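Please read this briefing beside the sequence and the model, which is a predicted one. It begins with a single residue and its surroundings, and then turns to sheets and helices.

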Amino acid sequence: MEALGFFRHSSFVIRHFLLPVMIALKNSLGSDFVERVRAFFSESGPLSKAKNFEFRQQQQEMAVAIANALEEERHLVIEAGTGVGKSLAYLTPAILRAIEEHKKAIVSTHTINLQEQLLYKDIPILKKILPVEFEAALVKGRQNYLCPRRLERALQQANELFTGPEQKELNRLAEWARTTRDGSLSDLSVEPDPKVWIQVCSEAHICTQKTCGQDSRCFYQQARKRLLAADILVINHTLLFILLGDPELQAERESGFIFPNDFLVLDEAHTVEQVASRRVGVVVSQYGLRSTIQRLYNARTRKGLFTVMRDAEGVMLAAELVDDAEKFFAAVESKCDFKKGREYRVRDSDLVRDTITGRLTTLQARIAEVVRRTDDEFLKAELQEYGRRIREARTGIAAFLEQSCRENVYWVERTGKTAQFLTLNAAPIDVAPTLRSMIFRDNCSCVMTSATLSVGRSDLAYFRRRIGANEVEPALLGSPFNFQKQMRMFIVKKMPDPREAAYGEALEHWIAHFVEKTDGRAFVLFTNHRGMQQVAERMAQFFSQKQFNLLVQGGGAPRGKLLDQFKTKSRSVLFGTDSFWMGVDVPGEALSNVIITRLPFAVPDHPLVEAKLELIEERGGDPFTEYSLPEAILKLRQGVGRLIRTKSDHGLIVILDSRVLTRPYGRAFLEALPKCPVEVI
């Protein structure tokens, strides 16, 4: 025991005293890899000589910090202000490190916009400038790809599996399969019927390397080969956490995250906590469960895999089980009060009587029996896949009803376009311990970055604590933009309280006033979708009379199309909520005005947010200062960050919420924003 204590003490001394000294000494001396990265970003380096690029000290500092972290297999959390050129600053050392050490660089983003920027702008630039050859690939979920073998089998069994309209859709997909380039959903001009697509897309246990790997027609397996050959992979946060898999198994890995020898770079890292919370919990969808059972047998169409197998017992069991599942979810709905929104928090175990998991166990056993009777390997794989889904649903429902994990929050959510379905959810209230063991392990390297991680402290303490990165090195780099000259802020002190009758009229008055100031070219950001719609309806006549092009989120047009219209049509004004506060890039004069209608405090009506606030209170903390305020500051910084995107941009920030001036916490908001001239009205 004494020897064990000695080694523990020695490890502590090395880690907390000697290692920082060694790292500091190495940093002062530099390394060949780090110095090459520094030179690449120098005033006389290859990047500065490239067309339309200029030296930015913050970009060089960021690239060097990341190079050091990758070389020493350390983790790093780094905020880099707008205009630093983050993507090139992390791509360059990541690519060089991947090539030289035969590693894979996995770059994860939250938005499609940033993925497209990386793949079609930044990476092509580096292919021309970097002194190495490398390959990059986009990682898509496998269900994005058509499986030719499943398509072929579906065509053979069309009469047993599909209705008339579904067979027409199947034939359309077969025609498309003959000419498609990559066999993925993005190559389809019209979105397919999901009930048909789910039966012909690639599935983990059906479309395998053994069964499809040698088939040159298999789109997923060909994509998989490209991924294995690529040096840098671009992925989104949701898919990343799906691929990371079980947190306990991930924590036990000796090296790497997805591949044995890889490292992570997570951009838009301010969204990681939210994404991770949803991905490491339990989700059981009423629609998904019904679809799985009906894939085995659909009583309405009299089609399914049990029909193909001529299994009467399975047909009867699946038909009854659909009804059983509907009754179970109806019982759940009767116990939930959705008056406040689409979510209802479940605080006690055994919300309803468990009438379903036993029946699901019986269905599992029936599938296993049918599998034993067939010699058709392909059909066997299909049945086993649906057996796995039934098992996952069964264990998920049991876990939800039992509420055995005290660290989780449980809730029921209305889902679907008309909120006609239910989903059972369980997620960790505090995801930090899970992320600490999954991501921030020894002998691995993960870099997290964003333009908005700090809430007034240079050590990024709030963000690091939320994601379990307490011991990870922080870095904060400012923006190269001259906000004193490029941006002007207006704060309306005379705004009434939102609860007062005069608020709506005042809001419309000031929106109209400031929109006219910039001849449109404005984002008007709201915190509430319903409130935004009401203002848009009341101001429609004003915008029409002034010949402004009013675009309103949620009116039917997808987010990307709205953004394209805003950029191309003159005198445009866009009313947006959540997704327009972040991840939107509109450089130039098209966006010259960002109007913040209210400070973006999250309403604690979502069960996960509510549970986080309760946990802070239980630990003796202050939920407002420890969570609500910093979260709102981060979101405000994101919203304000939409305005100035290049060194030539100019514009106005308007805050129509007097609390930044009248409440004690208002100073925290203003101090977190870029320093610029402020005019109080």
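H606 counts as buried, because its relative accessibility is 15% and the cut-off for buried is under 20%. This residue is found in the loop between β16 (593-596) and α27, and its side chain makes a polar contact of 2.9 Å with the side chain of R278.

- An open sheet is formed by 4 strands in the order β6-β9-β8-β7, with antiparallel pairing; its edge strands are β6 (282-285) and β7 (343-345), each of which pairs on one side only.
- On average, and with direction ignored, neighbouring strands of this sheet are turned by 20 degrees against each other.
- Helix α27 (residues 607-618) packs on this sheet, where it touches β7, β8 and β9, and the direction of the helix makes about 35 degrees with that of β7.
- Within the sheet, strand β8 (residues 408-415) and strand β9 (residues 421-428) pair in the antiparallel sense over 8 bridges, and N408 stands opposite P428 in β9.

- D622 has its place in the loop between α27 and α28 (623-640), and it counts as partly exposed because its relative accessibility is 34%, whereas H606, at 15%, counts as buried.
- Between D622 and S458 there are 164 residues in sequence, and the distance in space from C-alpha to C-alpha is 21 Å.

- A second open sheet is made of 7 strands in the order β14-β15-β13-β16-β17-β12-β18, with parallel pairing; β14 (549-552) and β18 (678-680) are its edge strands, and each pairs on one side only.
- In this sheet the neighbouring strands are turned by 15 degrees against each other on average, again with direction ignored.
- Helix α24 (residues 503-517) lies across β12 (487-491), β13 (522-525), β15 (572-576), β16 and β17, and runs at about 170 degrees to β16.

**The helix pair α19 and α20**

- The axes of helix α19 (residues 357-373) and α20 come within 9 Å and cross at roughly 165 degrees, which makes α19 roughly antiparallel to α20, since angles over 145 degrees are counted in that way.
- The crossing in which α19 passes α20 is left-handed.
- On the α19 side the residues that meet α20 include T357, L360, L363, I367 and V371, while those they meet in α20 include L383, Y386, I390, R394 and I397.

- I106 takes part in both pairings, with L264 as its bridge partner in β5 and L233 standing opposite it in β4.
- The buried residues of α12 are F219, Y220, Q221, A223 and L227, and they pack against β2, β3 (136-138), α7, α9, α11 (209-212) and β4.
- In helix α7 (residues 148-156) the residues P148, R150, L151, R153 and A154 are buried, and what covers the buried residues of α7 includes α8 (158-161), α9 (164-179), α12 (219-229), α16 (286-296) and α20 (377-402).

Key: Residues are numbered from 1 along each chain as its sequence is written. This is a predicted model: local features need pLDDT of at least 70, side-chain atom pairs count only at pLDDT 80 or more; totals for chains, interfaces and linings use all residues. Side-chain values use heavy atoms; hydrogens and water are left out. Buried means under 20% relative accessible area, exposed over 50%, partly exposed in between (1.4 Å probe, protein chains only). Helices (H or I, at least four residues) and strands (E, at least two) are DSSP runs, numbered from the N terminus. Contact means heavy atoms within 4.5 Å. Two strands pair if DSSP finds at least two bridges between them. Axes are lines fitted to C-alpha atoms, for helices over the stretch in contact, and angles run from 0 to 180 degrees between N-to-C directions. A polar contact is a pair of N or O atoms within 3.5 Å; within protein, one must be able to donate a hydrogen and the other to accept it, and residues adjacent in sequence count only if both atoms are side-chain atoms. Angles under 35 degrees count as roughly parallel, over 145 as roughly antiparallel, 65 to 115 as roughly perpendicular and the rest as oblique. A crossing is left-handed if the near helix is turned anticlockwise from the far one by less than a right angle, and right-handed if clockwise.
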